Amino acid sequence: STKYPEIKRDERFASLTPDHVAYFRRLLGGNGSALIDGVTGEAADDLAPFNSDWMRKYRGHCQLVLKPSSTEEVSKILKYCNDNLLAVVPQGGNTGLVGGSVPVFDEIVLSLGRMNQILEFDEVSGTLVAGAGVILEVADQYLAERGYIFPLDLGAKGSCQLGGNLATNAGGLRLLRYGSLHGTVLGVEAVLPDGTVVDDLSRLRKNNTGYDLKQLFIGAEGTIGVITKVSIQCPQRPAAQNVALFGLASYENCQRAFREAKSQLSEILSAFELMDEGSQALVHQVTGSKRPLESPYPFYCLIETSGSNVDHDSEKLQNFLESVMEQGIVADGTLAQDETQLRSLWSWREGITEALGHLGGVYKYDVSIPLSQMYQLVEDTRARVAEAGLLGDGEEHPVRAVVGYGHMGDSNLHLNISTRRFDARVEQVLEPFIYEWIAERQGSISAEHGLGLAKKKYIGYSRNPTMVGLMKQIKRLYDPKGIMNPYKYI
Ligand code: FAD
């Protein structure tokens, strides 16, 4: 990796040989689509998407991609890799934002996309059991047809997979309403590096029989085993959904609006998202879409309600809007009148990641900070980058904008530094400044994206040495040879 020249390939790991490839080919039944082989054949173009991350920031040199279609195949692959000291990177939809899903050197990519079966659904309890390779949006559509909803939603839903969602403990847009995967996931089937199948695919909501080991796989980022199946509790799909977008004059007012939303909308509030003007101007620049509010405001909040009665919910939201405008908390606002408008308002929030990606290199920080201080980080970072002479119009300035947005309802800020190109000077100004800033306020340097390769060095800002020591012991217990997703955070 050019970005981390200090990382050296672990010489304990074997290099792939034609014999290894022949074994995997036999195992996967000679199925051409189950294997991409750059060891004995030319496959550079086919391997490229598996070697490069969504942001095109991290690049590996994998020569072999394996696409098993069953838990048994995953088990045999891992056992062989463990016995032969071949390093492995599990990969789902490859939408992760911390460089965790791509190899650093020549690790084998284990791609779960063919494990894409929905296995069971209980229409009374709402319990879904599915393969790790099911795409989030596909699972949600399946549930929609049966009156249910997947309890997780995020901008990458069209590509990310359930296994990847669990492995990153993805938070997303409706955590405020449905809670984290640590609560909604009922069971996991996973394979350990030595091939052991951990069958903890419980369908039970309550199961207090010893340590809850499945939780370790949620958020482990593929460092202790491969998730092959998921059992998850899905809520009833709300009959009514309403969305409003507000313009606000200050961050102080965003906090007041959040308090009012909790108190006035209470049980129907399902999302409360924050966007600053900088982020919205960039979305506008990329998409060219008409802005939802007439004049620009320093801040915007997107509020979603989900309930069982359209008229009742619309009235509540309308009353809320009137109340916050009368109190001078909100300067202007708009309510979606139909499904098309609802999607369009959401696109101003969901489209930020993608829009920024179009404009050049992005330094991304996904952090948890106490709400009262959350936006201060954006302002302090902007001031620091400007002071260093890096921010401005024109090619001579590498930084185009410093913007903030995120899941305000969960105290989760996405601080993004949009650049014309990645530049070492920018990185030096940002790090460790941002991590120190967060640590001083007892925040978390990774709220929902994980650590991967990007945040590997910085775990100490959010976890003390005892915690890191325990994590290392768990890693050694589950993966004594260290073949699972090496060089990443642990
Ligand atoms: P990958 O990117 O393929 O992998 C991510 C990590 O999980 C890697 O470390 C990989 O090794 C490991 N992994 C993958 N599959 C398995 C498996 N079966 N077993 C074990 N380990 C595995 N994240 C949020 O939390 N909230 C958001 O709101 C959000 N919005 C996003 C919006 C956009 C436009 C994009 C591009 C990303 C967003 N993300 C968000 C980040 C990302 O989508 C999530 O982290 C997602 O859950 C990753 O799923 P994936 O299948 O793409 O996993």
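User: Hi! Before we get to distances, where do the domain bounds come from?
Analyst: Hello! Domain bounds come from an automatic or database domain assignment. Keep in mind too that this is a predicted model.

User: Good to know. Which domains is the chain divided into?
Analyst: Domain 1 covers 118–233, domain 2 covers 240–352 and domain 3 covers 360–449.

User: And how far apart are the C-alpha centres of domain 2 and domain 3?
Analyst: Those centres lie 24 Å apart. In the contact between these domains, domain 2 takes part with 15 residues and domain 3 with 12 residues.

User: Which elements give two or more residues to the domain 2 side of that?
Analyst: They are α9 (251–265), β11 (269–276) and α10 (277–287). The biggest giver is β11, with six residues on the side of domain 2 that touches domain 3.

User: What about the residue classes on that side?
Analyst: On the side of domain 2 that touches domain 3, you'll find 10 nonpolar, three polar and two charged residues.

User: You mentioned α9. At what angle do α9 and α11 pack?
Analyst: Helix α11 (residues 310–326) and α9 pack at an angle of about 145 degrees, and their axes are 10 Å apart. Their crossing is right-handed.

User: Which residues make the contact?
Analyst: From α9 come Ala257, Glu260, Ala261, Gln264 and Leu265, while α11 brings Lys316, Leu317, Phe320, Ser323 and Val324. By class, that contact has six nonpolar, two polar and two charged residues.

User: Let's switch to α1 and α3. Where do they stand to each other, at what crossing angle?
Analyst: The axes of helix α1 (residues 18–27) and helix α3 (residues 71–83) cross at roughly 165 degrees and come within 11 Å. Angles over 145 count as roughly antiparallel, so α1 and α3 are roughly antiparallel to each other.

User: Is that crossing left-handed or right-handed?
Analyst: The crossing of α1 and α3 is right-handed. Tyr23, Phe24 and Leu27 of α1 meet Glu73, Lys76, Ile77 and Tyr80 of α3 in the contact. Those residues comprise five nonpolar, no polar and two charged.

User: Last topic, the ligand. How many residues surround it?
Analyst: There are 38 residues around the ligand, and the closest are Gly92, Gly96, Gly100, Gly163 and Gly164.

User: Which elements each supply at least two residues of that shell?
Analyst: That would be β3 (88–91), α5 (162–168), β9 (226–233) and α13 (352–359). Of the elements, α5 gives the most to the shell around the ligand, with five residues.

User: And how does the shell divide by class?
Analyst: The shell around the ligand has 21 polar, 14 nonpolar and three charged residues.

How values were computed: Residues numbered from 1 in each chain as written. Predicted model: local features only at pLDDT ≥ 70, side-chain atom pairs only at ≥ 80, totals over all residues. Contact = placed C-beta atoms within 7 Å. Helix = DSSP H or I, 4+ residues; strand = E, 2+ residues; numbered from the N terminus. Nonpolar A, V, L, I, M, F, W, Y, C, P; charged D, E, K, R; others polar. Near = placed C-beta within 6 Å. Axes fitted to C-alpha atoms, helices over the stretch in contact; angles between N-to-C directions. Parallel < 35°, antiparallel > 145°, perpendicular 65-115°, else oblique. Left-handed = near helix turned anticlockwise from the far one by under 90°.
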